[in-house]
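Reader: I am new to this structure and would like a close look at a single part. Could you start from one residue and then lead me, step by step, to what lies around and beyond that starting point?

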Amino acid sequence: MAVFHPGHEELHGVTVVVEGASGRTWVGRYHETSDRGVELHDVAIHDPATATLPRVQWVERLRKFGIQVDEPVVILPPREAGPITRLAAWRAPD
Amino acid sequence: MPYNELMVRPMREELTRLGVQELRSVAEVDAALGTGEGTALVFVNSVCGCAAGAARPALSLALQHPVKPQHLYTVFAGQDLEAAARARSYFGEFQPSSPSIALLRDGEVVHFVHRYMIEGHGPEAIAADLVAAFEHLQEGVGSRE
């Protein structure tokens with residue numbers, strides 16, 4: 001089903017998981033992709049260097065309790081932005 | 001910043017005409033949720049497209065089911081700021097998002113439909129999830145009908 005934001009990309013406004021090349025994971029509402037990178041709003045960030053939970057459990061916790069926002073806006077440069085998956089469709093890797 | 005009230009009134013009425021009681025102040029929220037008795041649904045309304053295209057129609061469909069929570073409430077995020085914040089204070093660890101739908105039994109959230117579970121889904125799918133949650137919520141509790 002389409003999201004109701006005419007003129008925007010299909011994922012605009014959708015909560016996504018972005019797997020970063022750095023090993024960080026970013027979960028937030030997709031805004032757009034531009035030359036500057038992937039822009040997310042209301043973003044929760046998992047950094048394996050500081051996180052108290054492993055990434056899979058962290059995402060599962062977000063799915064249960066919702067997004068605890070770390071940053072209102074994040075722009076991930078193209079070198080960082082990896083695969084983008086809807087949070088609702090995200091599955092832990094085997 | 002809240003939108004013009006004339007613009008959002010139809011969004012409120014889409015719920016109130018279903019029998020959902022709108023809570024527009026902290027006092028109204030506390031009066032409704034403060035007792036923590038029975039089963040309740042709290043619909044966090046929103047001006048966004050997924051509220052219009054998915055969440056509100058889904059609630060309308062789900063409420064056609066004979067089993068539903070004893071109390072039906074709504075607060076409007078981004079419009080009635082204090083009331084929405086107060087309602088969210090009853091949701092425990094569940095983070096704010098809008099639209100969203102909380103189901104409570106005796107004051108505890110037992111099911112929560114986050115915005116991400118609404119985005120990109122049709123009303124029928126969301127309603128089916130709600131109906132299943134209504135039935136689970138009512139286990140051991142008297143139904144509204």
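Author: Asp42(A) is placed in strand 3 of chain A, residues 37-46 (helices, H or I of at least four residues, and strands, E of at least two, are DSSP runs numbered from the N terminus). The phi of Asp42(A) is positive, about 50 degrees, although the residue is not a glycine. Most residues other than glycine have a negative phi, and most peptide bonds are trans.

Before going further, please keep in mind that this is a predicted model, in which local features need pLDDT of at least 70 and side-chain atom pairs count only at pLDDT 80 or more, while totals for chains, interfaces and linings use all residues. Residues are numbered from 1 along each chain as its sequence is written, chains are lettered from A and ligands numbered from 1 in the order in which they are written, and side-chain values use heavy atoms, with hydrogens and water left out.

Chain B also has a residue other than glycine with a positive phi, namely Asp106(B), where the value is near 50 degrees; Asp106(B) is placed in the loop between strand 4 and strand 5 of chain B. The loop between helix 4 and strand 4 of chain B holds Pro99(B), and the peptide bond that leads from Ser98(B) to Pro99(B) is cis, with omega near 0 degrees.

Glu93(B) forms a salt bridge with Arg61(A), with 2.5 Å between the closest N and O atoms (a side-chain nitrogen of Lys or Arg within 4 Å of a carboxyl oxygen of Asp or Glu). Because Glu93(B) lies in the loop between helix 4 (81-88) and strand 4 (100-105) of chain B, and Arg61(A) in helix 1 (residues 55-65) of chain A, the pair joins two chains. Both partners count as partly exposed, Glu93(B) at 45% relative accessibility and Arg61(A) at 37%. Between chain A and chain B the count is one salt bridge, and on the side of chain A that touches chain B, helix 1 of chain A gives the most, with five residues. In all, 18 residues of chain A are in contact with 14 residues of chain B (heavy atoms within 4.5 Å).

Within chain B, Glu119(B) and Arg115(B) form a salt bridge whose closest N and O atoms are 2.8 Å apart; Glu119(B) is buried at 4% relative accessibility, and Arg115(B) is buried at 10%. Salt bridges with shared partners also link Glu5(B), Arg12(B), Glu22(B), Arg24(B) and Asp80(B) into one network. In the bridge between Glu5(B) and Arg12(B) the N to O distance is 2.7 Å, and here Glu5(B) is partly exposed at 29%, whereas Arg12(B) is buried at 4%.

Finally, the strands of chain B include an open sheet of five, in the order 1-3-2-4-5 and with mixed pairing (two strands pair if DSSP finds at least two bridges between them). Strand 1 (21-22) and strand 5 (108-113) of chain B stand at the edges with a single partner strand each, so one side of each has no neighbour in the sheet.

Key. Buried means under 20% relative accessible area, exposed over 50%, partly exposed in between (1.4 Å probe, protein chains only).
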